[in-house]
Amino acid sequence: MGLDKFGIAKRISRELKDGMYVNLGIGIPTLVANYIPADISIMLQSENGMLGMGPYPAEAEIDADLINAGKETVTILPGGAFFDSAESFGMIRAGKVDLTVLGAMEVSETGDIANWKIPGKMVKGMGGAMDLVASARNIIVAMQHTNPKGESKLLPACTLPLTGVRCVKKVVTDLAVLDITPEGFLLLERAPGVSVEEIRSKTAGKLIVRGEVPEMDL
Amino acid sequence: MAGIKLIVFLDPKSCQMQKLVSGPDEAIRDIPHGATIMLGGFGLCGIPENCIAALARKGIKNLTCISNNAGVDGFGLGMLLETRQIKKMISSYVGENEEFERQLLSGELEVELNPQGTLATRIQMAAMGIPAFFTPAGFGTEIAQGKEVREFGGKSYLMEMALHADFSIVKAWKGDSLGNLVFRKTTRNFSTSMAKAGNITIAEVEELVAPGELDPEEVQVAGIYVHRIFQGSNYEKRIERRTVQLL
């Protein structure tokens with residue numbers, strides 16, 4: 001069972017707080033924008049050079065000069081701003097962006113992340129991922145708990161080439177919400193209908209379970 | 001005190017500082033085989049379409065191209081890949097192009113991948129005359145190999161070098177004949193830094209205006225950085241991912 005990608009995005013949206021500047025990566029993280037609670041307002045940063053990123057445009061509003069970091073046509077909200085990529089990564093490095101949400105192929109129990117390269121396969125490049133994980137104040141990973149082969153993506157140590165070291169703070173998967181602590185993955189919440197035993201069996205890294213683990217409140 | 005005589009500046013309307021060129025072919029006329037060229041744009045957004053087409057016509061080879069991406073099949077830098085004019089790409093993300101993949105796997109093409117912020121800042125540092133800088137991006141990963149590591153405030157950083165080019169080619173929205181440039185929306189991307197970093201900078205603009213028509217408050221790249229400028233034509237502005245809101 002577990003959550004679908006929309007459920008993962010919805011759960012991550014609960015981490016958003018009023019006034020935050022947030023960078024959402026490609027894939028599930030982008031979906032988080034669909035679940036921003038109505039009573040808070042956040043500013044989305046797109047690392048090609050925009051703050052205040054809005055939804056996809058209506059057909060008549062499409063503008064080739066206005067795209068996001070995923071090269072999708074988007075809009076800009078009132079109060080938004082444009083800047084160049086060097087400045088964009090400057091604000092990321094300087095810690096101005098409060099929260100980064102991105103996908104991963106592997107996360108280690110010490111917060112290392114691998115998400116850019118699979119040896120033997122065509123390497124497309126890291127894009128902005130290495131800059132974001134090295135500098136963001138808070139990093140949440142959105143991903144499936146296991147890979148298509150059923151193998152755990154939460155490991156004692158990453159096996160794939162790293163994107164960054166000791167940087168991930170929280171992981172939200174189809175099965176669970178986990179914090180990265182000095183002792184390992186601390187299980188905070190279970191997806192509805194998912195047992196602690198199932199999570200334990202699918203987590204290869206060190207899993208810490210303290211007392212009763214509540215179900216996610218979606 | 002005797003009155004200080006005002007220095008009379010050249011009237012920019014009569015002196016065009018010889019930056020105006022007739023078009024892309026004249027602008028790139030002296031780019032030689034083996035040159036290192038920076039090309040502005042992010043994906044296909046804000047790429048110098050006219051000059052890329054002129055480079056393809058000119059047929060110069062063994063180019064090292066610095067650009068965040070490598071275009072798509074048959075458009076943008078993809079055009080120069082199809083004609084085998086590129087020897088090496090310095091980029092951050094190159095996944096949108098089958099010809100690129102084929103040439104990379106066959107060993108015809110060399111690629112140096114940089115984290116996107118590192119790439120942008122290497123160019124910016126060249127523009128600012130700073131030879132190197134320290135960034136945390138890539139520390140502890142394979143791109144740290146061979147790079148100096150320094151600790152500042154308990155955090156580890158890699159030393160990265162400024163990135164220079166023989167020629168920079170950018171596309172701006174508006175420009176004047178003195179080389180002042182204004183960019184539109186997210187087309188600033190890598191282009192403003194690249195425009196300032198090239199040994200020779202070529203700007204193609206959608207709208208060329210006379211000096212004085214751009215508000216000096218709004219100029220994003222000052223004319224001092226730009227050596228050649230022309231009004232481009234027939235911009236296709238192809239969209240890579242056309243996403244619309246479902247109403």
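Helices (H or I, at least four residues) and strands (E, at least two) are DSSP runs, numbered from the N terminus. This is a predicted model: local features need pLDDT of at least 70, side-chain atom pairs count only at pLDDT 80 or more, and totals for chains, interfaces and linings use all residues. Residues are numbered from 1 along each chain as its sequence is written, chains are lettered from A and ligands numbered from 1 in the order in which they are written, and side-chain values use heavy atoms, with hydrogens and water left out.

**Stop 1: B:Asn69**

Select B:Asn69. It sits in the chain B loop between β2 (63-66) and α3 (78-82). Its relative accessibility is 4%, so B:Asn69 counts as buried (buried is under 20% relative accessible area, exposed over 50%, partly exposed in between; 1.4 Å probe, protein chains only).

Now show its polar contacts (pairs of N or O atoms within 3.5 Å; within protein, one must be able to donate a hydrogen and the other to accept it, and residues adjacent in sequence count only if both atoms are side-chain atoms). A polar atom of the B:Asn69 side chain lies 2.7 Å from the backbone nitrogen of B:Gly43. The side chains of B:Asn69 and B:Asn68 are joined by a polar contact of 3.0 Å.

Widen to contacts (heavy atoms within 4.5 Å). Beyond four places in sequence, B:Asn69 touches A:Lys71 from chain A, and its chain B contacts include B:Phe42, B:Leu77, B:Met89 and B:Tyr93.

**Stop 2: two loop residues with positive phi**

Most residues other than glycine have a negative phi. Select B:Asn62, where phi is positive, near 60°. B:Asn62 lies in the loop between α2 (49-58) and β2 of chain B. At 44% relative accessibility, it is partly exposed.

Next, B:Arg84. Its phi is also positive, near 55°. The residue lies in the loop between α3 and β3 (86-91) of chain B. B:Arg84 is partly exposed, at 41% relative accessible area.

**Stop 3: β7 of chain B and its partners**

Two strands pair if DSSP finds at least two bridges between them. Select β7(B), residues 155-161; it runs antiparallel to β5(B), residues 132-135, with four bridges. B:Thr135 stands opposite B:Leu158 there.

On β6(B), residues 149-152, the pairing with β7(B) is antiparallel, over four bridges. B:Glu151 has B:Ser156 as its bridge partner. β6(B) and β7(B) form a hairpin with two residues between them, and B:Gly153 in the turn has a positive phi of about 55°.

**Stop 4: a sheet in chain A**

Move to chain A. Three strands form an open, mixed sheet in the order β7-β6-β9. β7 (113-114) and β9 (154-155) of chain A are the edges; each has a single partner strand, so one side of each is left without a neighbour in the sheet. β6(A), residues 106-108, pairs with β9(A) in the parallel sense over two bridges. Look for A:Val107 opposite A:Leu154.

**Stop 5: A:Leu102**

Select A:Leu102, in β5(A), residues 99-102. At 7% relative accessibility, A:Leu102 is buried. Beyond four places in sequence, its contacts include A:Pro29, A:Ile113, A:Val133 and A:Ile140. A:Val171 is 69 residues away in sequence, yet its C-alpha is 9.8 Å from that of A:Leu102.
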